[in-house]
Amino acid sequence: MVMSSHSSFTPGDRRCLKDIEPRLFSDDGRPEQGGVVELYGPEGTGKTELLYHLICRCVLPKSAGGLELDVMFVDTDYSLDMFRLVSILDSRLNKALPKSSPSAGSDEEALLRSCLSRLLVVHCSSSAQLLLTLHFLENSFSSRPSLELLLIDSISAFYWLDRCEGGPSFSKQEEKLSKCSDLLSRLLRDYRITVFATCHSIRRVQTGLSSSASLSYSSDSDRSYLCRSWQRLVTHRLMCFRQEAANNTSDEAGSSIQQRIQQVFRVHCISSFSSSGSKPYKTNSFYVTDAGVEFTSV
């Protein structure tokens, strides 16, 4: 087990990521250093695509609208699609770079390599592996002040496995995730990183909801079922769901007008604190394109 020396790091070495994506959070409820954001919703509601969006936001150069920060991605669902991520990065670099330069192609390739060098990926297949991974990651957080963001996809991946292995004892069922949460709490305190983690809902949320009705499902379907240790860490929850909107569009050949269903995702942010003392909320919609997430409003 690798334990870090605190001499190489001070909390002031890290920047606050409150501006990582303003369209997700209210002005007075953005994540501060040590914040934990849970992206909650059923499968197919855009959670992983939002993580790709956040990765791009961090690793892209400032000239392309990025923050030039390092990101650690812990993949517990084995769902990380590197081809998809590279495609999004390439699209955004291609959009940001001038095309007139003769060396534009080689410059873009070099920038793409630079972006990918800021992304660290580790895979876990059990809660025990996740706990060991967090122990080993402490050395990375200590030695790399530019490592600002930890992404976990997903924190709920081993929920049912842990329940089976824990037997009839409720405390045994939650023991492993509780240990992970306690260790993560110390990492947040000592290294002031920001964490985004997806969590799959157990009950499926109904699709095709209107914007008003979609926010009224906050009874059983959005109730957190993970251990109390994890719940205490969460400072923001992004409730993710999908709705269908029919659009009239012409096909590429222009020969006819046809109905196309465009998948629209809605995300509702609940923050546990704000500078004004109230509990701020914010709702936004987005859809997914070849170039990644596109928000419908600012």
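Modeller: Let's start with Leu 226, which sits in the loop between β5 and α7 (228–233). Please keep in mind that this is a predicted model. Is Leu 226 buried or exposed? Its relative accessibility is 3%, and the cut-off for buried is under 20%, so Leu 226 counts as buried.

What surrounds Leu 226, once its neighbours within four places in sequence are left aside? It is in contact with Glu 38, Ile 155, Ser 156, Tyr 159, Glu 174, Leu 177, Cys 199 and Gln 231. Take Ser 156 from that group: 70 residues separate it from Leu 226 in sequence, yet their C-alpha atoms are 7.4 Å apart in space. For the protein overall, 73% of the contacts with a separation of 6 or more are between residues 24 or more positions apart.

Now for strand β5 (residues 194–200), where Thr 194 has its place. With a relative accessibility of 1%, Thr 194 counts as buried too. Setting aside neighbours within four places in sequence, Thr 194 touches Leu 17, Glu 32, Gln 33, Gly 35, Glu 148, Leu 149 and Leu 150.

Next, a pair of helices. Helix α4 (residues 127–143) and helix α6 (residues 170–191) have axes that come within 9 Å and cross at roughly 10°. Angles under 35 degrees count as roughly parallel, so α4 is roughly parallel to α6. On the α4 side, the residues making this contact include Leu 130, Leu 131, Leu 134 and Phe 141; on the α6 side, they include Cys 180, Leu 183, Leu 184 and Leu 187. Sorted by class, the contact of α4 with α6 has 10 nonpolar, 3 polar and 4 charged residues.

Helix α1 (residues 47–59) is worth a visit as well. At 1.5 Å a residue, its 13 residues should span 18 Å, and its end C-alpha atoms are 19 Å apart, which agrees. This helix is mostly covered, with 11 of its 13 residues buried. Among them are Leu 50, Leu 51, Tyr 52, Ile 55 and Val 59, along with Lys 47 and Glu 49.

Finally, let's step back to the whole protein. Its secondary structure comes to 7 helices and 9 strands. Of its 298 residues, 49% count as buried. The protein exposes about 14200 Å², and carbon and sulfur atoms supply 50% of that area.

Methods:
Residues are numbered from 1 along each chain as its sequence is written. This is a predicted model: local features need pLDDT of at least 70, side-chain atom pairs count only at pLDDT 80 or more; totals for chains, interfaces and linings use all residues. Side-chain values use heavy atoms; hydrogens and water are left out. Axes are lines fitted to C-alpha atoms, for helices over the stretch in contact, and angles run from 0 to 180 degrees between N-to-C directions. Helices (H or I, at least four residues) and strands (E, at least two) are DSSP runs, numbered from the N terminus. Angles under 35 degrees count as roughly parallel, over 145 as roughly antiparallel, 65 to 115 as roughly perpendicular and the rest as oblique. Contact means heavy atoms within 4.5 Å. Ala, Val, Leu, Ile, Met, Phe, Trp, Tyr, Cys and Pro count as nonpolar, Asp, Glu, Lys and Arg as charged, and the others, Gly among them, as polar. Buried means under 20% relative accessible area, exposed over 50%, partly exposed in between (1.4 Å probe, protein chains only). Accessible areas come from the Shrake-Rupley method with a 1.4 Å probe; for residues, only the protein chains shown count as cover. The expected span of a helix is 1.5 Å times one less than its number of residues.
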